[in-house]
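Subject: Structure handover

Hello,

Here is the structure I promised to pass on. Please open it first; my notes follow below.

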Amino acid sequence: MAENIVMPQLGESVTEGTISKWLVNIGDQVKKYDPVCEVITDKVNAEVPSSFSGTISEIVVQEGETVAVGTLLCRIAVEDQAIAPVEAKRSAAAQDQGAAEVTTQTATNPRYSPAVLKLAQENNLDLSRMEGSGAAGRITRKDILDILQGKRQAVTTVPKAEPPSKPPQPEQSEQSARDIPQPSVSIDTLSTVHSPFNQADETIPVTAIRKTIAERMVKSKQEIPHAWLMVECDVTNLVRYRDRIKEEFKQKEGIHLTYLPFFIKSVVEALKEFPTLNSQWAGDHMIVKKAVHISMAVATDQALFVPVIKNADQKSIFGLAKAIDELVKKAREGKLALEDITGGTFTVNNTGSFGSVLSAPIINPPQIAILTVEAIVKRPIVIDNMIAVRDMMNICLSLDHRVLDGLVCGRFLKRVKQNIEGYGTETGLY
């Protein structure tokens, strides 16, 4: 009797996942908690561990397939239930054939993970001249780290060969050069040769995680009646305060003091006053969450992750800055765990880091609101009938109109604005 390994639910509202890579083959021995495959969802990349010790007897879902939560992925014959000799031979033969096919495919069309590509580019390593320790010779992140740590011999990028020099030509006088007939090339011919319209279009396949994000965003817009509000904030005092203390903070704490922890602190204080925005939609009822767990978007070259700052309302500005720094590093290094991306009750997105001054974000269900903080720009503002140049910023809120009305959201944004504009020299960081 074989035990089943099924697709786990890797996060709230996650209904499916994509097998990105199998870490075992049929016939492999695994121990309990050993990873058997890598799974991609719209929230996280994770390894699926084995719940049993035994032998892989069947792999049901192939790499690249997207299946629902609870779908059978593979079967394991537990240790005291060995595979029958005939089945073992068949499994071994199938494994050898599959390994040969994978090896051939890898040799002709190697696949590298984003982490491997990034490390190789940063350290000038030629992946095509390396041998990997992964399945079918695939190069892993550990292989790159071993090279960088001196455990293996590094292979640097081969310098490009210089084009062969042209043989020396006999000298000609200026007059003789003019006498040589020149080939006539029409303007039409030149425009045809150099025209950008003749270049072939590039086809970029949609990754599993991008496909999942797209489906969730479409579902959010189709099911949630989005409404939108925007408020303008004067952050001049905050800008001056941060400029004065950021270098000292960096030297003392070892991390950068950005504006984001100030903004998140303003939001969580407002959520205490307006807890309805810290709710979840559940079909025929809504759930007001007591804990305040702030989701924040972290973009990488390959995907968008939404890690969660747990109990954000209990953290100081320093505590928020530290939590943000840790989660951003984990996201960009591909080390986010399940607990890092689940439980969010409200989302704050720093779109201003890209220079955006206005945005209408899409709600991340089952949450019912999302707030963006935009770029800080200097603008002329009228104060006491006089024009002054101030540091200004917009904050934008998308809300689920099934649950929230403009009145409570307007008051919420007004409170966030007051909190942000209240920062100054008396603000405590700890």
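I start with a helix pair. The axes of helix α8 (residues 260–273) and α9 come within 9 Å, crossing at roughly 120°. The cut-off for roughly perpendicular ends at 115 degrees and roughly antiparallel starts over 145. The two helices, α8 and α9, are therefore oblique to each other. Their crossing is right-handed. On the α8 side, the contact is made by Leu-260, Pro-261, Phe-262, Ile-264 and Lys-265. Helix α9 contributes Ile-317, Leu-320, Ala-321 and Ile-324 to it.

Keep in mind that this is a predicted model. The average pLDDT of the protein is 81, and 77% of the residues score at least 70. Residues 98–108 fall below 50 in pLDDT. Beyond near neighbours in sequence, that stretch has 4 contacts in the model. Residues 156–162 also stay under 50, with 8 contacts beyond four places in sequence. Where pLDDT is low, the predicted coordinates should not be read in detail.

Now the cores. The largest nonpolar core has 78 residues. Leu-277, Phe-346, Leu-397 and Phe-412 have the most contacts inside it. Helix α9 (residues 317–332) supplies the largest share of this core, 9 residues. Leaving aside residues up to four places away in sequence, Phe-412 touches Val-267, Ala-270, Leu-271, Phe-274, Leu-277, Phe-346, Leu-371 and Leu-397. Another core, of 9 residues, lies apart from the largest one. Among its members are Val-116, Ala-120, Met-130 and Ile-144.

Best wishes

Definitions and conventions: Residues are numbered from 1 along each chain as its sequence is written. This is a predicted model: local features need pLDDT of at least 70, side-chain atom pairs count only at pLDDT 80 or more; totals for chains, interfaces and linings use all residues. Side-chain values use heavy atoms; hydrogens and water are left out. pLDDT is the predictor's confidence in each residue, from 0 to 100. Contact means heavy atoms within 4.5 Å. A nonpolar core is a set of buried Ala, Val, Leu, Ile, Met, Phe, Trp, Tyr and Cys residues joined through side-chain atoms within 4.5 Å. Buried means under 20% relative accessible area, exposed over 50%, partly exposed in between (1.4 Å probe, protein chains only). Helices (H or I, at least four residues) and strands (E, at least two) are DSSP runs, numbered from the N terminus. Axes are lines fitted to C-alpha atoms, for helices over the stretch in contact, and angles run from 0 to 180 degrees between N-to-C directions. Angles under 35 degrees count as roughly parallel, over 145 as roughly antiparallel, 65 to 115 as roughly perpendicular and the rest as oblique. A crossing is left-handed if the near helix is turned anticlockwise from the far one by less than a right angle, and right-handed if clockwise.
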